[in-house]
Amino acid sequence: MIVIYLKRYTVYKERWASIIVGIVKRTLKSQVYDYLKEQITIGNIRPGERLIEEKIGQTLDVSRSPIREAIRMLEKDGFLHLTKTGGVEVVKPSLVDYQYLYECRIEMESAAVYYAAARRTKEQLKQIEKAIDTYSTGLKVNDQSKVKVGFHDIIIESSMNPFLISMLRQLRGVNSFYRKAIVDTDPKHVNKALVDHEKIYDAIAACDQKSARNLMKEHIENDYSRFISLIKEKTEG
């Protein structure tokens with residue numbers, strides 16, 4: 001649930017008023033952004049659906065200003081686009097979009113795991129192992145998807161490279177949005193992903209950078225191949 005802090009706050013010293021207002025505005029924009037991004041990622045706001053500022057404002061009890069700022073951020077991140085009539089819609093990704101996304105993931109996540117194998121801490125290694133254990137316990141599909149994303153996120157953080165982390169964080173949300181209700185609902189894919197994760201974990205634990213990189217590259221390439229085949233099955237079926 002989104003929490004809005006705009007309506008109730010007290011400024012005790014006038015000289016701090018402008019600072020507090022600025023912080024509140026940034027908080028509002030960020031909260032609206034996070035809310036809309038989550039709704040798009042989990043599928044409550046579907047590809048091709050138009051966003052209505054008035055409706056969002058009524059739902060969140062906020063003015064149009066932070067909504068417009070959040071929409072601009074989401075457009076920049078690749079979730080929304082402007083229509084010819086001036087409206088705003090959720091992006092409908094094409095097969096070429098999927099290809100470009102996976103090209104980035106293959107190179108960037110392979111680099112992340114390469115450095116993670118050398119720089120990860122003992123605590124991060126435990127977190128990766130825990131994510132694998134949790135993923136293998138027969139969770140619901142939605143929970144498995146979240147845990148799988150968590151597995152990759154921990155590895156990305158373990159790279160200790162702030163530039164790589166920042167770029168991959170942006171891709172994570174777009175990737176989840178693109179994949180929704182396709183790959184993650186396939187049981188065979190879930191089982192194969194678990195085996196891949198275990199192999200990647202072993203390489204990271206052994207500080208084997210080369211193997212970790214090769215395994216991640218193969219994992220994402222296989223993921224992409226399965227993803228495309230499922231899309232074609234869905235389209236042709």
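1. Cys 207, at 43% relative accessibility, counts as partly exposed, a class that lies between buried (under 20% relative accessible area) and exposed (over 50%), as found with a 1.4 Å probe and protein chains only. Cys 207 lies in the loop between helix H8 (187–205) and H9, and has a positive phi of about 60° although it is not a glycine. Most residues other than glycine have a negative phi. Cys 104 is likewise partly exposed, with a relative accessible area of 34%. If a disulfide is taken as a pair of cysteine sulfur atoms within 2.5 Å, the count comes to zero disulfides.

2. On the basis of these remarks: this is a predicted model, in which local features need pLDDT of at least 70 and side-chain atom pairs count only at pLDDT 80 or more, whereas totals for chains, interfaces and linings use all residues. Residues are numbered from 1 along each chain as its sequence is written, and side-chain values use heavy atoms, with hydrogens and water left out.

3. On the overall architecture, the protein chain holds nine helices and two strands, where helices (H or I, at least four residues) and strands (E, at least two) are DSSP runs, numbered from the N terminus. Along the sequence, the pattern is α-α-α-β-β-α-α-α-α-α-α. Of the 237 residues in the protein chain, 39% are buried. The accessible surface of the chain, computed by the Shrake-Rupley method with a 1.4 Å probe, comes to about 14000 Å², and carbon and sulfur atoms account for 52% of that surface. With a contact taken as heavy atoms within 4.5 Å, 74% of the contacts between residues at least 6 apart in sequence join residues at least 24 apart.

4. Helix H4 (residues 95–119) deserves a separate comment. The helix has 25 residues and reaches 35 Å from its first C-alpha to its last, close to the 36 Å expected at 1.5 Å a residue, the expected span being 1.5 Å times one less than the number of residues. The buried residues of H4 include Tyr 98, Leu 101, Tyr 102, Arg 105, Met 108, Glu 109, Ala 112 and Ala 116. An α-helix has 3.6 residues a turn, so residues three or four places apart point the same way.

5. Which charged side chain does Asp 223 meet in a salt bridge? A salt bridge here is a side-chain nitrogen of Lys or Arg within 4 Å of a carboxyl oxygen of Asp or Glu, and the partner of Asp 223 is Arg 105, at 3.8 Å from N to O. Asp 223 lies in helix H9 (residues 209–236) and Arg 105 in helix H4, so the pair ties together parts that are 118 residues apart in sequence. Asp 223 is buried, with a relative accessible area of 3%, and Arg 105 is also buried, with a relative accessible area of 3%. A network of salt bridges links Arg 105, Glu 109, Asp 153, Arg 172 and Asp 223.

6. The whole structure contains seven salt bridges, and two further examples may be considered. Glu 53 forms a salt bridge with Arg 68, with the closest N and O atoms 2.9 Å apart; Glu 53 is in helix H2 (residues 53–60) and Arg 68 in helix H3 (residues 64–76), 15 residues apart. Arg 68 counts as partly exposed, at 39% relative accessibility. Glu 157, which is partly exposed at 31% relative accessibility, forms a salt bridge with Arg 169, the closest N and O atoms being 2.7 Å apart, while Arg 169 counts as exposed at 51% relative accessibility.

7. Met 160 is found in the loop between H6 and H7. Met 160 has a positive phi of about 65° although it is not a glycine, and is partly exposed, with a relative accessible area of 41%.

8. As for aromatic pairs, rings of Phe, Tyr and Trp (its six-membered ring) pair if their centres lie within 6.5 Å, with planes under 30 degrees apart counted as stacked, over 60 as edge-to-face and the rest as tilted; the count comes to two aromatic pairs. The rings of Tyr 102 and Tyr 224 have centres 5.0 Å apart and planes at 45°, so the pair is tilted. Tyr 102 lies in helix H4 and Tyr 224 in helix H9, so the pair ties together parts that are 122 residues apart in sequence. Tyr 102 is buried, with a relative accessible area of 1%, whereas Tyr 224 counts as partly exposed at 22% relative accessibility. Tyr 114 and Tyr 115 form an edge-to-face pair, 5.2 Å centre to centre with 85° between the planes.
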